[in-house]
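Keep the sequence and the structure in view while reading.

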Amino acid sequence: MTGTDARLGCYERQATLLEEAERRDEIAVVDRRAEQQRRQAVFGAKVSDEARAASTLAEVRSTLVSATADRAGLYVFALADGARWAQVDDAPVPGRLRPGSAVVVRRTMLGGYKMTIDTRPAIKVRRL
């Protein structure tokens, strides 16, 4: 048996083991880009505890599409990724909010979320 034949035989054995493990649901082959998009889509959303635990994202970055204040002066933010977030604290949001502004939403240590728009101070938000 040549070195090439031995390598090919080893490869075929390992491929067979991989296929069997996948059939038994011991492993899963996942598209990395699709998984990242899925995690961003559920970031901050009301999902099951299992799905929340599976999301390892600490933050998401997007751009502001619109910001609308209600009568109490609290904002609802629409982001380019399709997510909508509502302000839950009464912190003032200084300056004029412009579409295209950079937005970062970070998970806090206690499970809440804070949004930073450009260089403004962070405000507490929840996903709608």
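## Strands E5 and E6

In strand E6, Ile-123 is the bridge partner of Met-115. The model is a predicted one, and the pairings described here are read from its atoms. Strand E6 covers residues 123–127, and it pairs with E5 in the antiparallel sense through three bridges. Five residues lie between the two strands of this hairpin, and Asp-118 has a positive phi near 50° there.

Which residues of E6 are on its covered face, and which are on its uncovered one? The covered face consists of Ile-123, Val-125 and Arg-127. Lys-124 and Arg-126 make up the uncovered face.

## Strands E4 and E5

Strand E5 spans residues 113–117, and four of its five residues are buried, which leaves the strand mostly covered. E5 also pairs with strand E4, residues 102–107. These two strands run antiparallel and are joined by five bridges.

The hairpin of E4 and E5 has five residues between its strands. Within this hairpin, Gly-111 takes a positive phi near 95°.

## Strands E3 and E6

E6 has a further partner in strand E3, residues 84–87. Three bridges connect E3 and E6, again in the antiparallel sense. Gln-87 is opposite Val-125 of E6, and Ala-86 has Arg-126 of E6 as its bridge partner. Of these two partners in E6, Val-125 belongs to the covered face and Arg-126 to the uncovered one.

## The barrel

In what order do the six strands close into a barrel? The order is E1-E2-E3-E6-E5-E4, with antiparallel pairing. From one strand to the next, the twist averages 45°.

The pairs described above can be found in this order: E3 stands beside E6, E6 beside E5, and E5 beside E4.

## The nonpolar core

The largest nonpolar core has 17 residues. Those that touch the most other members are Phe-77, Leu-79, Trp-85, Val-105, Met-115 and Val-125. At least two residues of this core come from each of the strands E1 (59–69), E2 (75–79), E4, E5 and E6. E5 gives the largest share, three residues.

Val-105 shows how parts of the chain meet. Leaving aside residues up to four places away in sequence, Val-105 touches Phe-43, Ala-58, Glu-59, Val-60, Leu-79, Trp-85, Tyr-113, Lys-114, Met-115 and Val-125. Leu-79, Trp-85, Met-115 and Val-125 in this list are also among the core residues that touch the most other members.

## Gln-40 in helix H2

Gln-40 lies in helix H2, which runs over residues 32–42. Is Gln-40 buried, exposed or partly exposed? Its relative accessible area is 34%, so Gln-40 counts as partly exposed, a class that lies between under 20% for buried and over 50% for exposed.

With residues up to four places away in sequence not counted, Gln-40 touches Leu-57, Val-60 and Arg-127. Gln-40 and Val-60 are 20 residues apart in sequence, while their C-alpha atoms are 6.6 Å apart in space. Val-60 is also touched by Val-105, and Arg-127 is on the covered face of E6.

## The whole chain

The chain contains three helices and six strands. Starting from the N terminus, the elements run α-α-α-β-β-β-β-β-β.

The radius of gyration of the chain is 22 Å, whereas a compact globule of 128 residues would have one near 14 Å. Along the principal axes, the C-alpha atoms fill a box of roughly 80 × 30 × 25 Å. Of the 128 residues, 25% count as buried. The chain exposes about 9,200 Å², and carbon and sulfur atoms supply 53% of this area. Of the contacts between residues at least 6 apart in sequence, 46% join residues at least 24 apart.

Conventions:
Residues are numbered from 1 along each chain as its sequence is written. This is a predicted model: local features need pLDDT of at least 70, side-chain atom pairs count only at pLDDT 80 or more; totals for chains, interfaces and linings use all residues. Side-chain values use heavy atoms; hydrogens and water are left out. Buried means under 20% relative accessible area, exposed over 50%, partly exposed in between (1.4 Å probe, protein chains only). Two strands pair if DSSP finds at least two bridges between them. A nonpolar core is a set of buried Ala, Val, Leu, Ile, Met, Phe, Trp, Tyr and Cys residues joined through side-chain atoms within 4.5 Å. Contact means heavy atoms within 4.5 Å. Axes are lines fitted to C-alpha atoms, for helices over the stretch in contact, and angles run from 0 to 180 degrees between N-to-C directions. The radius of gyration is taken over C-alpha atoms; the globule rule is 2.2 Å times the number of residues to the power 0.38. Accessible areas come from the Shrake-Rupley method with a 1.4 Å probe; for residues, only the protein chains shown count as cover.
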